[in-house]
Amino acid sequence: TRSIQFSELKSYKVEHYNGTRLICTFKDNTRFKLMANHQFCKAEAFEALCDDLERTINQYVLETNTELVRKPSFYEQKWVPYLLASMSLTMAWVFFRFYSSGIRPPFSTYTPVIILAGLWVAYFKAREKSRGKVPQV
């Protein structure tokens, strides 16, 4: 059992992909990581805990006017939609080149499209989940 005081925290991050991960960074720059993955346990309880923790930290920050920061997850970074858009345009260009030359694209060409679609879904889910949270860095 470990007790963590909010006053000891410098920042925290909650990531919601491939399970839920909580990363706390303390003022002395040490880190505490905790993760629940659907493949090993029922992660819903940990996800609910992280949601409650974020609400509680948000309230603490508002009441104490402290500089505790919520760090954005990978999909909440400002440059991610630009990366995904450029990857999407590249894939569209590849398919355009295949079809304009009259060649049917090989089946393996669709694998990156499926992966890219999954990345877009994860981006929009993370964006939806981060609304109304503590301001980010």
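Colleague: Leaving aside its neighbours within four places in sequence, with which residues is T25 in contact?

Modeller: In this predicted model, the residues that T25 touches are L9, K10, S11, T30 and R31. T25 itself belongs to strand 2.

Colleague: Is T25 buried or exposed, and how do you know?

Modeller: The relative accessibility of T25 is 10%. The word buried applies under 20%, so T25 counts as buried.

Colleague: Which label, buried or exposed, does L89 receive, and why?

Modeller: L89 has a relative accessible area of 63%. A residue is called exposed over 50%, and therefore L89 is exposed. L89 is part of helix 2, which covers residues 80-100. From C-alpha to C-alpha, L89 is 41 Å from L9 in space, and the two are 80 residues apart in sequence.

Colleague: How many helices and strands does the protein chain have, and in what pattern do they follow along the sequence?

Modeller: The chain has three helices and four strands. Along the sequence, their pattern is β-β-β-α-β-α-α.

Colleague: How does the radius of gyration of the protein chain stand against that of a compact globule of 137 residues?

Modeller: For a compact globule of 137 residues, a radius of gyration near 14 Å would be found, but this chain has 20 Å. Along the principal axes, its C-alpha atoms fill a box of roughly 65 × 35 × 25 Å. Buried residues account for 28% of the 137 residues.

Colleague: What makes a group of residues a nonpolar core, and which residues have the most contacts inside the largest one?

Modeller: Such residues must be buried, be of nonpolar kinds such as Leu or Tyr, and be joined through side-chain atoms within 4.5 Å. The largest core of this kind has 13 residues, and Y12, L22 and L68 have the most contacts inside it. At least two residues of this core come from each of strand 1 (9-15), strand 2 (20-26) and helix 1 (44-64). Helix 1 gives the most, with four residues. There is also a second, separate core of nine residues, which includes V80, M91, A122 and Y123.

Colleague: How do you know that the span of helix 1 agrees with its number of residues?

Modeller: The expected span is 1.5 Å times one less than the number of residues. For the 21 residues of helix 1 this rule gives 30 Å, and the end C-alpha atoms are 30 Å apart, so the two values agree.

Colleague: Which residues of helix 1 are buried, and how do you know where they lie around its axis?

Modeller: The buried residues of helix 1 are F46, C50, D51, E54, I57 and V61. Seen down the axis, they fall within an arc of 145°, so they line one face of the helix.

Colleague: What does the same reasoning give for the span of helix 3?

Modeller: With 20 residues, helix 3 should span 28 Å at 1.5 Å a residue; its end C-alpha atoms are 29 Å apart, which agrees.

Colleague: Which residues of helix 3 are buried, and why are they said to be on the same side?

Modeller: L116, A122, Y123 and A126 are the buried residues of helix 3. They cover an arc of only 120° around the axis, and therefore they are on the same side of helix 3. These buried residues pack against helix 2. I114, K125 and E128, on the other side of helix 3, are exposed.

Colleague: Where does N65 lie, and what phi does it take?

Modeller: N65 lies in the loop between helix 1 and strand 4, and its position is just after helix 1. Although N65 is not a glycine, its phi is positive, at about 55°. At 68% relative accessibility, N65 counts as exposed.

Methods. Residues are numbered from 1 along each chain as its sequence is written. This is a predicted model: local features need pLDDT of at least 70, side-chain atom pairs count only at pLDDT 80 or more; totals for chains, interfaces and linings use all residues. Side-chain values use heavy atoms; hydrogens and water are left out. Buried means under 20% relative accessible area, exposed over 50%, partly exposed in between (1.4 Å probe, protein chains only). The arc is that of the directions from the helix axis to the C-beta atoms. The radius of gyration is taken over C-alpha atoms; the globule rule is 2.2 Å times the number of residues to the power 0.38. Contact means heavy atoms within 4.5 Å.
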